[in-house]
Amino acid sequence: MDDVSNTRIVLAGRPAGDPSIADFRIEQAAAPSPGTGEVLLRTRMVSIDACARVRASGTSVLGERMDLGEVVRCSTVSQVVRSRHPAFRSGDVVLAHSGWQDYDVVHGGLLKRKLYERVAPWSTALGVYGAYGYVAWSAMTRTTPPRPGQTMLVGSATGPTGATAGQLAKLRGARVVGVTSSAQKCRWLLEEARFDAAVDSGQPGFEEALRAACPDGVDLFMPGMDYRVFDAALPLLNPGARMPVWGMSMYQPPEASGLSHDRLAALLTAIVSRHVEVRGFTSHGVTPLVPELICDPDFIADMGMLMRSGRLRYREEFVDGLENAPAALERLLRGENFGKLIVRVA
């Protein structure tokens, strides 16, 4: 496909703080051709992810750094253009990891799963029906499931992981309190996601409002990416509380919000004195290394049924044009999006 141009967005320089448009560069190259066992993919949608912050800066605790000149990698909804693998044919739509570029060649054995619009919109594979939803589902059904009558507190509650986890906890009989960043998002949590209470972290008196929303303390706490929520919630944790942690320490450095004090002593005190159990989840364990997890048949069946029946609600926000991916990342890191942020490429 030497006559077809491949638009690629690559890392042009290490960001001093949050990545900006100036830290990326748009390049043109010939579209690659697949070898034996490979498929040529055309990107249709790309996931905008907060983990790009630490990958671009080279500070990821998981070693997932981007090199200068490297395409920004992320989960994608991609369509097979040409296949030299027996499991795929032209026109198939798949969940891939091609990143911010028009075309990519991958071995067919690395593709995570085929996508079917009759089951769920393709875009959901980048959020509620993909890695984000899988973390929420596995936490709420397998590793840290709530018990009826317990209180669950969710930070970043309108994001794809928090919103999904809170709704799954509600279905298991928990009382769910969500924290988010605007009155509009609070209304969505109450009216659409059917949380029991919602607290705006940007309003004066946030800590007092959170205590009032959790009169019996907190039994299950998913922090999200805001350290203000962590600070306010830690004193509310009940003995034996559990804390599934997704993304917080990797994606939201404390200094990003001006909260740079050390939280280790307070957390260790809670672990020892109140027997708080902490369980970490990372995309490193869900997507690149263990792709079959996103194809877990129980996850696929449960989440598909819940979405089709309307019992599980989700929010998505779309930006059109691959060239707008860096600006979309800026918006995500400023917290200006509402729901899973996705760029439609074609």
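Reply: Helix 3 is largely enclosed by the rest of the structure, because 10 of its 12 residues are buried. Buried means under 20% relative accessible area; over 50% is exposed, and partly exposed lies in between (1.4 Å probe, protein chains only). Helices are DSSP runs of H or I, at least four residues, numbered from the N terminus. This is a predicted model: local features need pLDDT of at least 70, side-chain atom pairs count only at pLDDT 80 or more, and totals for chains, interfaces and linings use all residues. Residues are numbered from 1 along each chain as its sequence is written, and side-chain values use heavy atoms, without hydrogens or water.

The buried set is P160, T161, G162, A163, T164, A165, G166, Q167, L168 and A169. Just after helix 3, G173 has a positive phi of about 95 degrees.

Now a helix pair elsewhere. The axes of helix 2 (residues 131–143) and helix 10 (residues 297–309) come within 11 Å and cross at roughly 95 degrees. Axes are lines fitted to C-alpha atoms over the stretch in contact, with angles from 0 to 180 degrees between N-to-C directions. The two helices are therefore roughly perpendicular, a term for 65 to 115 degrees. In contact (heavy atoms within 4.5 Å), G133, Y134, W137 and R142 of helix 2 meet D298, F299, D302 and M303 of helix 10.

How values were computed:
Parallel < 35°, antiparallel > 145°, perpendicular 65-115°, else oblique.
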